Amino acid sequence: MRDQTSAPAAAPRRPPQPPGTAPRPGTRPGPHPAAPDPVTPPPAGATPAAAPAPPAPRPLGERRLWPRSFADRLTTPMPGLRAYARLAREGAFRPGPDGLRGIPDLPCAPAPLPVLAPGTSCVTWAGHASWVVRTGGLTVLTDPVWSRRILATPARMTPVGVPWEDLPPVDAVVISHNHYDHLDAPTLRRLPRHTPLFVPAGLGRWCRRRGFARVTELDWWEAAELDGVRFDFVPAHHWSKRTLLDTCRSLWGGWILTDTRSPAPHKLYFAGDTGYGHWFAEIGRRHPGIDLALLPIGAYAPRWWLRDVHADPEEAVQACTDVGARRMAPMHWGTFVLSAEPVTEPLERVRAAWDRAGLAREDLWDLPIGASRCW
């Protein structure tokens with residue numbers, strides 16, 4: 001199911017662990033630490049806590065047993081019947097005619113992938129949360145969705161920024177969570193089954209059932225490494241669901257990709273899909289020196305319904321500051337109609353928020369779909 005049809009909308013609070021989150025009898029869960037309380041700033045004059053040492057990489061393709069549910073990781077409770085009734089009553093699922101008028105103005109400028117110099121990293125926006133990331137000699141796809149439409153959603157407003165046949169060989173794929181606009185089975189079927197997949201805890205079985213043999217599942221704050229690129233899985237303020245019966249059965253989060261072999265390692269943060277909250281500061285504390293943050297800015301209206309799971313443009317700018325990233329590239333807008341804001345509004349608002357924050361304009365990589373930027 002898509003994010004906007006069932007997004008948590010209650011007032012922010014950390015729920016108690018609900019019944020049914022214990023492991024199944026006879027199984028041994030993988031590491032499953034409870035999500036910590038929101039991070040608060042230290043008192044004036046206090047020395048900030050040192051970041052913990054990075055964890056050792058987990059083995060690639062490791063088979064692990066996980067708890068039956070990750071509902072204890074939710075930042076906010078799931079919505080109740082009253083919230084659903086209000087959403088149905090207001091009917092604010094899509095922009096009105098005025099909001100859709102901007103579709104022809106959505107920035108889309110497909111171009112060939114640039115040739116990389118040694119020691120250079122590059123990102124190319126294919127649309128929505130799909131990026132072609134080239135770093136450390138690898139080509140990595142994030143949440144690849146090359147389909148024209150996804151379940152119960154109108155067809156794409158803009159074409160895919162990189163034709164599939166123009167992609168270089170794909171060395172790895174990272175998945176943030178299992179919603180249909182981020183985990184697209186028809187796109188994954190295009191990949192060789194030996195392609196390494198890095199996925200959240202609990203999603204490995206879904207991938208292996210589709211023939212993928214090199215699937216690495218990670219919990220929050222865990223990492224794995226492939227050919228000199230480190231993949232760290234970090235928290236997000238979101239949730240997971242793909243069918244009527246699998247709410248929060250797999251985890252959700254973002255990824256930090258680090259080129260570990262270069263003299264000056266490049267570090268990229270792909271946030272996946274997330275609301276705004278305390279995790280960003282903690283990610284920045286544990287992973288200092290992020291060069292580029294790929295952050296979602298769309299699918300945020302109506303705000304009362306989506307604020308807990310989708311950052312708005314102003315919150316995305318604040319999140320970039322929280323994680324300490326040098327640059328930000330907006331995503332999760334301009335591709336699918338998932339919510340009620342006018343289709344061009346996310347870009348207008350993120351540019352204004354960036355300017356109000358006094359940040360250097362050249363560090364906002366507000367790319368057209370299909371465009372690339374290297375560093």
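Arg58 is partly exposed, with a relative accessible area of 24%, a class that lies between buried (under 20%) and exposed (over 50%), as judged with a 1.4 Å probe and protein chains only. The model is predicted, so local features need pLDDT of at least 70 and side-chain atom pairs count only at pLDDT 80 or more, while totals for chains, interfaces and linings use all residues. Residues are numbered from 1 along each chain as its sequence is written, and side-chain values use heavy atoms, with hydrogens and water left out.

Arg58 has Glu62 as a salt-bridge partner, and the closest N and O atoms of the two are 2.8 Å apart. The term salt bridge denotes a side-chain nitrogen of Lys or Arg within 4 Å of a carboxyl oxygen of Asp or Glu. Glu62 is also partly exposed, at 21% relative accessibility. In general, side chains of opposite charge can pair when their charged atoms come close. The structure holds 18 salt bridges.

Two further pairs lie in contrasting surroundings. Arg73 and Asp219 meet in a salt bridge at 3.1 Å, N to O. Because Arg73 lies in the segment before helix H1 (81-90) and Asp219 in the loop between strand E6 (215-218) and strand E7 (222-226), the pair ties together parts that are 146 residues apart in sequence. Helices (H or I, at least four residues) and strands (E, at least two) are DSSP runs, numbered from the N terminus. Both Arg73 and Asp219 are buried. Asp98 and Arg101 form a salt bridge at 2.1 Å, N to O; here Asp98 is exposed, with a relative accessible area of 58%, and Arg101 is exposed as well, at 56%. Elsewhere, salt bridges link Arg303, Asp312, Glu314, Glu315, Glu345, Arg349 and Arg356 in a network.

Attention now turns to strand E3. Five of the five residues of E3 (residues 138-142) are buried, so the strand is largely enclosed by the rest of the structure. In a regular strand the side chains alternate between the two faces of the sheet. Both faces of E3 are covered, with Leu138, Val140 and Thr142 buried on one side and Thr139 and Leu141 buried on the other.

The loop between E3 and E4 contains Gly161, which counts as buried at 1% relative accessibility. Gly161 and His128 are 33 residues apart in sequence, and their C-alpha atoms are 9.9 Å apart in space.

Finally, Arg189, Arg193, Arg205, Arg209 and Arg210 form a positive surface patch. Patches are made of residues with over 30% relative accessible area and no salt bridge, like charges being joined within 9 Å and nonpolar side chains (Val, Leu, Ile, Met, Phe, Trp, Tyr) within 5 Å. Arg189 is located in the loop between helix H3 (185-188) and strand E5 (197-200), and it is exposed, with a relative accessible area of 52%.

Terms used
Areas by Shrake-Rupley, 256 points an atom, 1.4 Å probe, with all protein chains shown as cover. Lys, Arg positive; Asp, Glu negative; His and termini not counted. Charge placed at Lys NZ, Arg CZ, Asp CG, Glu CD.
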